[in-house]
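Here's a quick briefing to read alongside the model. Have a look at the fold first, then go through the points below.

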Amino acid sequence: MTLNNSTGLYFWGFLLAYAGLMYVVSPRTRTVDGFFYGVNERGIAVSQWSLAASIFISWIFAKSVTNAANLGAEYGIVGGLAYATYWLSIPVAGVVIYRLRTRYAATGLVSFLVSKYGRMAALAFTVAVLIRLYNEVWSNTSVVGSYFGNPGDMGYIAAALFFTLATLLYSMKGGLRSSIITDSIQALIFLILLVLLLPTIIPEQGVTALASAGEFSLTGGVDLILVALLQVLSYPFHDPILTDRGFLNHEKHMLRAFVLAGVLGFICILAFSLIGVHAYLNDLQVNGNAPAVVAQSLGIVTLFVVTVIMMSSAGSTLDSTFSSLSKSFAYDTPALLGKDIGSHPIRIGLWVMVIFALLGNLPMLAGTDILKATTISGTMVMGLAPVFLLQHWVKYSPASFHLSFWPGLVLGLLLAIGQIPASWAIGEGDYALLLGANLYGLAICTLGYLLPIFFSRMRNSENSSNLTRQK
């Protein structure tokens with residue numbers, strides 16, 4: 001997408017105003033609890049409603065709303081439903097974290113993994129988390145850049161890099177506390193503008209046409225719905241932007257916030273996908289960016305609204321990414337490795353933010369496909385489903401973790417390089433092989449997780465029998 005000079009000035013003007021506003025409202029925090037756990041200056045934890053708003057907008061990534069619209073443009077309402085299904089991850093994570101906190105008194109996923117599966121398991125999990133966070137940087141800045149130019153253009157690169165810098169500066173002021181405060185504002189901006197945007201789409205097509213667009217079949221996108229239903233069992237656990245927020249306030253308040261955020265997110269993603277459904281019904285060529293193409297076709301005001309939505313959603317995710325990276329490197333990982341980093345974890349956290357702001361944009365400059373940041377990474381971590389959903393079956397079993405986690409990672413890598421056998425495909429849709437890899441892969445991971453338990457019980461049974469015979 002290209003902008004003429006006058007339009008470009010308006011868009012850059014808003015980008016500058018947005019950057020200034022976020023910096024002003026972001027609180028300056030220099031306590032460890034505030035920077036890494038989001039408490040306020042009086043030591044009070046995040047409220048239920050602030051937490052719900054933060055979870056909601058942090059998961060409304062710029063890439064996610066773009067993907068939702070793109071899938072709507074390709075498959076109609078079925079595509080929107082497919083991507084919205086990923087938001088069921090939020091209540092799934094909420095229920096699991098609630099159980100971990102109430103049953104095991106867990107204070108974080110890493111410490112829980114150490115106690116249940118050992119340090120090597122927690123270390124492998126941490127690496128997967130860091131890959132996920134790295135993907136969040138480029139996949140969101142690239143979406144913002146696409147509203148200022150085509151990939152590779154100076155406007156595209158300049159906007160993406162400036163947006164990264166602006167988010168970095170206010171994130172460095174207060175870490176997770178800054179993220180929580182700005183998330184509430186970004187969530188409000190998103191919801192207001194989404195309400196203003198929908199009347200430009202719905203009256204033109206009609207609710208019936210939008211809701212019935214597409215074909216409910218495996219070839220029509222239902223295969224991706226099934227992929228999403230499988231991946232919500234594992235996908236949320238490798239996202240610290242989500243899981244870190246599961247330990248910020250009382251268990252019941254946390255669970256309510258997660259359920260509310262999940263339901264609201266599902267509705268909003270489905271609603272935003274109607275932009276793509278509009279393109280589907282009008283046979284518009286979206287070229288991988290349905291929101292921009294459709295908004296341009298509806299006029300400069302609509303394009304401006306969509307651009308602001310993208311900035312608010314991208315900013316909420318990016319600042320959460322920086323705060324999660326900071327906590328992981330400066331707080332969680334040293335504790336996992338038994339290292340003493342002294343009395344300056346915040347200083348280390350600030351340097352981590354700067355480094356990832358620089359390195360995180362390299363894939364954006366290379367033009368990587370943003371949808372891959374969801375579907376491929378979701379497949380690689382399928383082995384986390386048994387690890388967190390079946391944890392009550394084991395007391396301490398490192399083997400269960402590794403026999404579940406590593407097969408999933410290998411299968412995800414094989415899928416990424418095109419080495420999964422075609423015979424694994426289910427149906428003939430575009431996501432037939434992805435569906436097969438996730439279904440059969442989850443079965444393999446679950447079997448791997450249960451094998452040590454099975455053999456352990458067999459040994460215990462044999463020992464009991466031997467003792468009985470000896471008596």
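Leaving aside its neighbours within four places in sequence, which residues is Leu113 in contact with (contact means heavy atoms within 4.5 Å)? They are Gly118, Ala122, Phe125, Val387, Phe388 and Phe401. This is a predicted model, where local features need pLDDT of at least 70, side-chain atom pairs count only at pLDDT 80 or more, and totals for chains, interfaces and linings use all residues. Residues are numbered from 1 along each chain as its sequence is written, and side-chain values use heavy atoms, with hydrogens and water left out.

**Nonpolar core**
- A nonpolar core is a set of buried Ala, Val, Leu, Ile, Met, Phe, Trp, Tyr and Cys residues joined through side-chain atoms within 4.5 Å; the largest one here has 138 residues.
- Leu113, Phe125, Phe388 and Phe401 are among the residues with the most contacts inside that core.
- Helix H17 (residues 300-337) gives the core its largest share, 13 residues; helices are DSSP runs of H or I, at least four residues, numbered from the N terminus.

**Helix H4**
- H4 (residues 62-75) is largely enclosed by the rest of the structure, because 13 of its 14 residues are buried (under 20% relative accessible area; exposed is over 50%, partly exposed in between, with a 1.4 Å probe and protein chains only).
- Gly76, with a positive phi near 75°, follows H4.

**Positive phi outside glycine**
- Ala105 has a phi near 55° and sits in the loop between helix H6 (89-104) and helix H7 (109-117); at 58% relative accessibility, Ala105 counts as exposed.
- Asp283 also has a phi near 55°, lies in the loop between helix H15 (274-282) and helix H16 (290-298), and is exposed at 65%.

Methods
Helices (H or I, at least four residues) and strands (E, at least two) are DSSP runs, numbered from the N terminus. Contact means heavy atoms within 4.5 Å.
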